[in-house]
Amino acid sequence: MRTSLLLHHELGDRWRAASVLEELAGGLLARIEPARAAELLGAAQALRDTLQAPLPPAERPDYDEGVQALRHRLGSSVLDRHWSHGRALGLEHAIHAATDAAQKLSNPEAPGWRHAFVGQLTDREYTVLELLSAGHTNREIAAELFISPSTAGVHVSNILRKLGVKSRVQAATLAHQLSLPAPSAGGAEPGRLQAGS
């Protein structure tokens, strides 16, 4: 997302830059840096207002749900304060803040916020996430784990919800970026999800 944001900015595609800001804020940062997420959403809204390009209707339910979750976490007054600050940032500062946050997400030195994700998944969900990250479909995951495809789908849905992402690709990307540990086996040291595994 960091590369995408920088590329859209370089090309002058402010509409897509707004979309990436929203995705980064709502999809990844809302759970771990809610104040920064609120600022970036405010900046994206200001950009959309300037462009007269409202949020597409198909994206509205997820967007509203994300904003409501932020309001619950921060409280209305704190959310409004950070949102207003984001609206006043300007595009250059918003992109700098967003790319800085995205860089932290991919930093191999485990920052404190990484632990917001670790421990949320069950051992089975870690296993499903590892298979998902390797590109397996629900049917393939089911065959590998000797479960039904519908049960595999439930596990995938739970993983997306717990990681605060909307798609399998986002879950796999986040798993790789955070090097989320795979479940330990027989008391051995936990493994780590590897890109391309």
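Predicted model: local features only at pLDDT ≥ 70, side-chain atom pairs only at ≥ 80, totals over all residues.

Residues are numbered from 1 along each chain as its sequence is written, and side-chain values use heavy atoms, with hydrogens and water left out.

Start with α3 (residues 34–51) and α4 (residues 60–74). Their axes come within 10 Å and cross at roughly 135°. Axes are lines fitted to C-alpha atoms, for helices over the stretch in contact, and angles run from 0 to 180 degrees between N-to-C directions. Helices are DSSP runs (H or I, at least four residues), numbered from the N terminus. The α3 side of the contact (heavy atoms within 4.5 Å) includes Pro-34, Ala-35 and Leu-41, and the α4 side includes Tyr-63, Val-67 and Leu-74.

Now α8 (residues 138–145) and α9 (residues 149–163). Here the axes come within 8 Å and cross at roughly 110°. That makes α8 roughly perpendicular to α9, a label for angles of 65 to 115 degrees. Asn-138, Arg-139, Ile-141 and Ala-142 in α8 touch Pro-149, Ala-152, Gly-153 and Val-156 in α9.

Stay with α9. Its 15 residues reach 21 Å from first C-alpha to last, close to the 21 Å expected at 1.5 Å a residue; the expected span is 1.5 Å times one less than the number of residues. Its buried residues (under 20% relative accessible area, 1.4 Å probe, protein chains only) include Ala-152, Gly-153 and Val-156. Just after α9, Gly-164 takes a positive phi of about 70°.

Key. Helix = DSSP H or I, 4+ residues; strand = E, 2+ residues; numbered from the N terminus. Parallel < 35°, antiparallel > 145°, perpendicular 65-115°, else oblique. Buried < 20%, exposed > 50% of the residue type's maximum accessible area, 1.4 Å probe, protein only.
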